[in-house]
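I opened my notebook today to get to know a new structure. Here is what I looked up, entry by entry.

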Amino acid sequence: MTDCLFCKMVTGEITPDTVYEDEDVLAFRDINPQAPTHVLVVPKQHVATLNDLDKSNIHLVGKMMLAATAIAEQEGFAEQGYRTVMNCNADGGQTVFHIHLHLLGGRIMHWPPG
Ligand code: AMP
Ligand code: ZN
C-alpha cells in the first residue's frame, strides 16, 4: 500500500523510532504519546482494519500481542501492568487505516476509557 503511513514505516520510506522488529511485525513509539510509554505494534503486511481479518491473516494478531508483551518486559512494566488497545473505524477512534496495537504503560490506566 503505497499511500499508507505505517506501510511506509515498514519499507523504511519513513523512519520510525523503532523499539522492536521481527519478520512479521514492527513496533515504534507513538508520535503523540498518551502514557510514559506508548508504542504501536503493526504487522508488516497491510491490513486496513480489524474487519479485514480472516483465516489468512489472523495469525498476525497473535504475533502483535506477543511483541507487545516482549516490549512491556523490555520497557520494565510487565509486572506492574499495562494496557493494549486496537481501535476500529470511526466510532472506535481509528485514524490510521493499517491495523495497530497500542501498548500503553508507565502509569495507572483508568476504566472506562473515553
Ligand atoms: P489510531 O487513532 O488508533 O488509528 O492510532 C493512530 C496512532 O498513530 C495515533 O496514536 C497517532 O499519534 C499515531 N501516529 C500518527 N502518525 C504517526 C507517526 N508519524 N509516527 C508515530 N505515530 C504516529
Ligand atoms: Zn499499510
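**Entry 1: strand β3.** Buried here means under 20% relative accessible area, exposed means over 50%, and partly exposed lies in between, with a 1.4 Å probe and protein chains only. The strand covers residues 37-43, and seven of its seven residues are buried. I noted that helices (H or I, at least four residues) and strands (E, at least two) are DSSP runs, numbered from the N terminus. In a regular strand the side chains alternate between the two faces of the sheet.

A note on the basis: this is a predicted model, where local features need pLDDT of at least 70 and side-chain atom pairs count only at pLDDT 80 or more, while totals for chains, interfaces and linings use all residues. Residues are numbered from 1 along each chain as its sequence is written, chains are lettered from A and ligands numbered from 1 in the order in which they are written, and side-chain values use heavy atoms, leaving out hydrogens and water.

**Entry 2: the neighbours of β3.** Which strands pair with β3? I found β2 (residues 25-29), antiparallel over five bridges, and β5 (residues 101-105), also antiparallel over five bridges. Two strands pair if DSSP finds at least two bridges between them. Arg 29 stands opposite Val 39 of β3, and Leu 40 has His 102 in β5 as its bridge partner.

**Entry 3: His 102.** I stayed with His 102, which sits in β5. His 102 is buried, at a relative accessible area of 12%. Its side chain makes a polar contact with the side chain of His 38, at 2.8 Å. A polar contact is a pair of N or O atoms within 3.5 Å; within protein, one must be able to donate a hydrogen and the other to accept it, and residues adjacent in sequence count only if both atoms are side-chain atoms.

**Entry 4: ligand 1.** I counted 16 residues around ligand 1, the closest being Asp 30, Asn 87, Gly 93, Thr 95 and His 102. A residue is listed here if one of its heavy atoms lies within 4 Å of the molecule. An oxygen atom of ligand 1 lies 2.8 Å from an N or O atom in the side chain of Asn 87. For a backbone N or O atom of Gly 93, the distance to an oxygen atom of the ligand is 2.9 Å.

**Entry 5: the zinc ion.** Which atoms hold the zinc ion (ligand 2)? I found Cys 4 (SG), Cys 7 (SG), His 46 (ND1) and His 98 (ND1), at 2.0 to 2.3 Å. Donors are N, O and S atoms within 2.8 Å of the metal (3.2 Å for Na, K and Ca); water is not among the atoms, so sites may look incomplete. The four donor atoms subtend angles of 104 to 116°, so the arrangement is tetrahedral; four donors count as such if all angles lie between 85 and 135 degrees. Cys 4 lies in the segment before α1 (5-11) and His 98 in the loop between α3 (89-92) and β5, so the pair ties together parts that are 94 residues apart in sequence. Both Cys 4 and His 98 are buried.

**Entry 6: a last look.** The peptide bond from Trp 111 to Pro 112 is cis, with omega near 5°.

Terms used: Tetrahedral: all angles 85-135°; square planar, octahedral: opposite > 155°, others 65-115°.
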